[in-house]
Amino acid sequence: MQIIKDPTLLRNEIKKIKQQGAQVSFVPTMGNLHQGHLTLVKEAQQHAEVTVVSIFVNPMQFNNANDLANYPKTLDADCAKLEQAGVDIVFIPFAQVIYPNGLNSQTVVEVPGISDCLEGELRPGHFRGVSTIVAKLFNLVQPDFSCFGEKDFQQLCVIKKMVADLAMPIEIIAVPTVRESSGLAMSSRNNKLSADQKTIAPKVAEVMNDLGQKVQVNPENCKQLIEEASQTLNKVGFETDKIHVVDPLTLAPLNSDSKQAVVLMAAFLGETRLIDNLVVNLHQ
């Protein structure tokens, strides 16, 4: 496994790979890897001869300086996991290399509409940071395929739209959420939960699944169903942040043409914000 920190060296290596006729799969990460990330890697390996993983904690997508400073960094353990998984190249650039003129002088990629609603409304500029860094990494890695988890549903939508709108020759592969045996969606944030909180945390998925079933048969009653789900979570120790039920294609409210709905969950358990989502077919 090659560990590359310099973008020029990465470009040269990718050029050699392409000249040999091989295809490239790419998994962008911010490190602190868990089984969910490794599932993305495994999926990527099914699609191309060479797999590249990046580890870069992107300052542009953080609204809170403390969150950026406290983001867990486990580089040695991450590289060991990736080597064991059979990854070919790990790209680990420094922030000053990615943003040499600073964040305020960086050209940005803005995906209109779906970047500004839902999570984007709660975290202004977040998806601008995501789309900008992913576009830059795509330019460096030149992948044929790139894998993203469905757990970050809105992020996946943003990346798909960016790739389509900018005519990038990359196939975006959506990978289902990986869950712990309890049903809790795997996340780096789960490490922050106490033992007691770990026993409560799976309730997010439980309430989400129940809400999804009710939405399937009664989508016109979303507002009341969401309120009931929120109350259920709050009674067992959560502080519900946001629950949305929207059309998964547009992230807009459901309408008579919607064939599916996506339930988007966000709730605090102590200081830890847990998110999850579920797509259901509508019985209309």
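Which strands does α11 lie across, and at about what angle does α11 run to β7? Select α11, β7 and β8 to see: α11 lies across β7 and β8, and runs at about 155 degrees to β7. Axes are lines fitted to C-alpha atoms, for helices over the stretch in contact, and angles run from 0 to 180 degrees between N-to-C directions. Helices (H or I, at least four residues) and strands (E, at least two) are DSSP runs, numbered from the N terminus.

This is a predicted model, in which local features need pLDDT of at least 70 and side-chain atom pairs count only at pLDDT 80 or more, while totals for chains, interfaces and linings use all residues. Residues are numbered from 1 along each chain as its sequence is written, and side-chain values use heavy atoms, with hydrogens and water left out.

**The sheet**

Next, select β7, β8 and β9. These three strands form an open sheet in that order, with antiparallel pairing. At the edges stand β7 (239-246) and β9 (272-281); each has a single partner strand, so one side of each is left without a neighbour in the sheet. From one strand to the next the twist averages 10 degrees.

Two strands pair if DSSP finds at least two bridges between them. Strand β8 (residues 260-269) is joined to β9 by 10 bridges. To find a bridge, select V262 and its partner in β9, V279.

**Inside the helix α11**

Now select S230, which sits in helix α11 (residues 222-235). Is S230 buried or exposed? S230 has a relative accessible area of 14% and is therefore buried; buried means under 20%, exposed over 50%, and partly exposed in between (1.4 Å probe, protein chains only). Apart from neighbours within four places in sequence, S230 is in contact (heavy atoms within 4.5 Å) with T240 and I243.

**An exposed residue**

Move to V217 in helix α10 (residues 203-217). V217 counts as exposed because its relative accessibility is 59%.

**The cavity**

Last, select K151, L184, A185, S187, R189, N190, R273, L274 and I275, which line the largest cavity. On a 1 Å grid over the protein atoms alone, a cavity is a set of points where a 1.4 Å probe fits but cannot get out, and lining residues have an atom within 4 Å of a point. The largest cavity has a volume of about 40 Å³, the volume being the space filled by probe spheres set on the points. A search of the whole structure finds one cavity of 30 Å³ or more.

Methods:
On a 1 Å grid over the protein atoms alone, a cavity is a set of points where a 1.4 Å probe fits but cannot get out, and a pocket is an open set with protein on both sides within 12 Å along at least five of seven lines; lining residues have an atom within 4 Å of a point.
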